[in-house]
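Here is a note for a colleague who is meeting this structure for the first time. Please keep the sequence and the model in view while reading the points.

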Amino acid sequence: ARHLGHQTAYVNGEHVSSASVIESGDQGKTDRMDARVIAMVAEMDKTQEERILEGEYALLRELGRMYEAETEAVVRARCRLDDLLQKLFCDLEKDKSFVFSNTGGAVAELYGWNPKKIVDDGFERFRQKMKQKGKGGHEKTLESLWEQAQSSVRQQMPAGRRELLEGRVRQLWADYTRHEARKKEIATQMGELFKQLNRRGEAPDCIDDLDAAMMARLIGESGPLSDFDHWREVLHYCGLNLYERESGTYKGETKISKKGRSRFRKVLGQAAFALVQGENPFAAYFKRKRAEGTGYWKTMVATMRKLCKVLYGLAKSGASYDPTRVSRCESQHAKACS
């Protein structure tokens with residue numbers, strides 16, 4: 001249609017689905033009926049603008065998809081490794097974080113987490129190899145690993161199965177390290193693009209406890225925040241706007257619509273989770289809401305909404321991030337400064 005010189009616009013598919021009942025009196029669907037309903041929705045001025053990102057924003061959004069794909073690959077590799085270690089090194093008493101630490105990585109590369117190979121090497125040789133490869137693993141840690149290997153090797157296994165599992169562990173470890181390296185490479189690229197936008201005044205400053213890569217993911221999903229006239233429009237865009245159901249004496253629970261950009265909502269959730277772990281106004285806000293009796297997920301959504309507002313405020317004002325503004329409205333801030 002655009003090639004033929006026509007003006008085009010989007011209409012919400014959900015609006016069309018609901019409006020078809022009004023237009024025809026039933027829930028039927030045909031191409032001819034859809035055309036009439038779409039025209040009716042457009043006449044009601046319920047169209048949506050086509051938002052095409054360009055330049056660094058388009059690159060950030062594409063890199064964000066790549067980053068997410070690598071993250072999912074890392075999680076899959078970690079889960080499969082954990083499952084295999086329960087079979088191969090059954091008496092390992094260390095947690096998952098240890099398996100993916102420097103010491104755990106040394107065990108994976110030197111022994112493929114095969115307890116028989118560890119025991120066959122003898123403790124002194126095992127200790128020397130680990131010290132060289134694992135960048136100074138603690139003596140007590142190495143001793144406990146040795147004891148757990150001795151216990152695990154007593155497990156009865158069919159001939160060749162231990163070597164088969166070891167080979168699979170090595171494959172998965174290689175997958176894990178490869179995807180983790182790609183993640184870091186993509187994060188570096190995103191961080192550089194974000195800094196370019198920030199230097200030109202087209203992206204807000206970093207918020208404390210969020211690195212450049214996370215800020216890049218956020219604005220890659222939001223696009224230029226200058227496109228929005230109000231922070232409420234940003235909430236609608238990511239589906240964090242609230243809706244409620246009530247009729248007469250019935251009053252339903254207030255929920256978020258989840259009708260906006262789901263990937264933006266996901267990244268906001270990850271950023272909010274990182275923020276509430278630290279010591280900052282977002283964490284204080286989260287703790288206060290929880291102390292008031294608000295449920296965990298409702299409080300997390302409230303923190304996401306607050307983060308969204310702060311991002312919009314920084315982008316619109318061009319001001320540097322000020323932690324004191326997170327917990328104050330404009331009038332309170334003006335009083336405090338006067």
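This is a predicted model: local features need pLDDT of at least 70, side-chain atom pairs count only at pLDDT 80 or more; totals for chains, interfaces and linings use all residues.

1. Residues are numbered from 1 along each chain as its sequence is written, and side-chain values use heavy atoms, with hydrogens and water left out.

2. The secondary structure of the protein chain comes to 15 helices and six strands; these are DSSP runs numbered from the N terminus, with helices being H or I of at least four residues and strands E of at least two. The radius of gyration, taken over C-alpha atoms, is 27 Å, well over the 20 Å that the globule rule gives for 338 residues, so the chain is more spread out than a compact globule. That rule is 2.2 Å times the number of residues to the power 0.38. Along its principal axes, the C-alpha trace spans about 80 × 65 × 50 Å.

3. Of the 338 residues, 39% count as buried, where buried means under 20% relative accessible area, exposed means over 50% and partly exposed lies in between, with a 1.4 Å probe and protein chains only. Among contacts (heavy atoms within 4.5 Å) between residues at least 6 apart in sequence, 65% join residues at least 24 apart.

4. The largest nonpolar core has 47 residues, of which Ile207, Leu210, Leu218, Leu268, Phe282, Leu307 and Leu311 touch the most other members. Such a core is a set of buried Ala, Val, Leu, Ile, Met, Phe, Trp, Tyr and Cys residues joined through side-chain atoms within 4.5 Å. At least two residues of this core are supplied by each of helices H3 (55-88), H9, H10 (212-222), H11 (231-238), H12 (262-276), H13 and H14 (296-317), and H14 gives the largest share, eight residues. Apart from this core lies another, of 29 residues, among them Val74, Leu84, Ala108 and Leu142.

5. Which residues does Leu307 touch, not counting those up to four places away in sequence? They are Ile207, Leu210, Leu268, Ala271, Ala272, Leu275 and Phe282.

6. Glu166 has its place in helix H9 (residues 161-199), and at 5% relative accessibility Glu166 counts as buried. With residues up to four places away in sequence left aside, Glu166 touches Leu88, Tyr111, Gly112, Asn114 and Lys117.

7. Two residues deserve a look for their backbone angles, since most residues other than glycine have a negative phi. Asp209, although not a glycine, has a positive phi of about 75°; Asp209 sits in the loop between H9 and H10 and, at 46% relative accessibility, counts as partly exposed. Lys258, also a residue other than glycine, has a positive phi near 55°; Lys258 is found in the loop between strand E6 (255-256) and H12, and at 56% relative accessibility Lys258 counts as exposed.

8. Pro281 lies in helix H13 (residues 281-291) and touches Tyr321, Pro323 and Val326, again not counting residues up to four places away in sequence. The C-alpha atoms of Pro281 and Val41, which are 240 residues apart along the chain, are separated by 43 Å.
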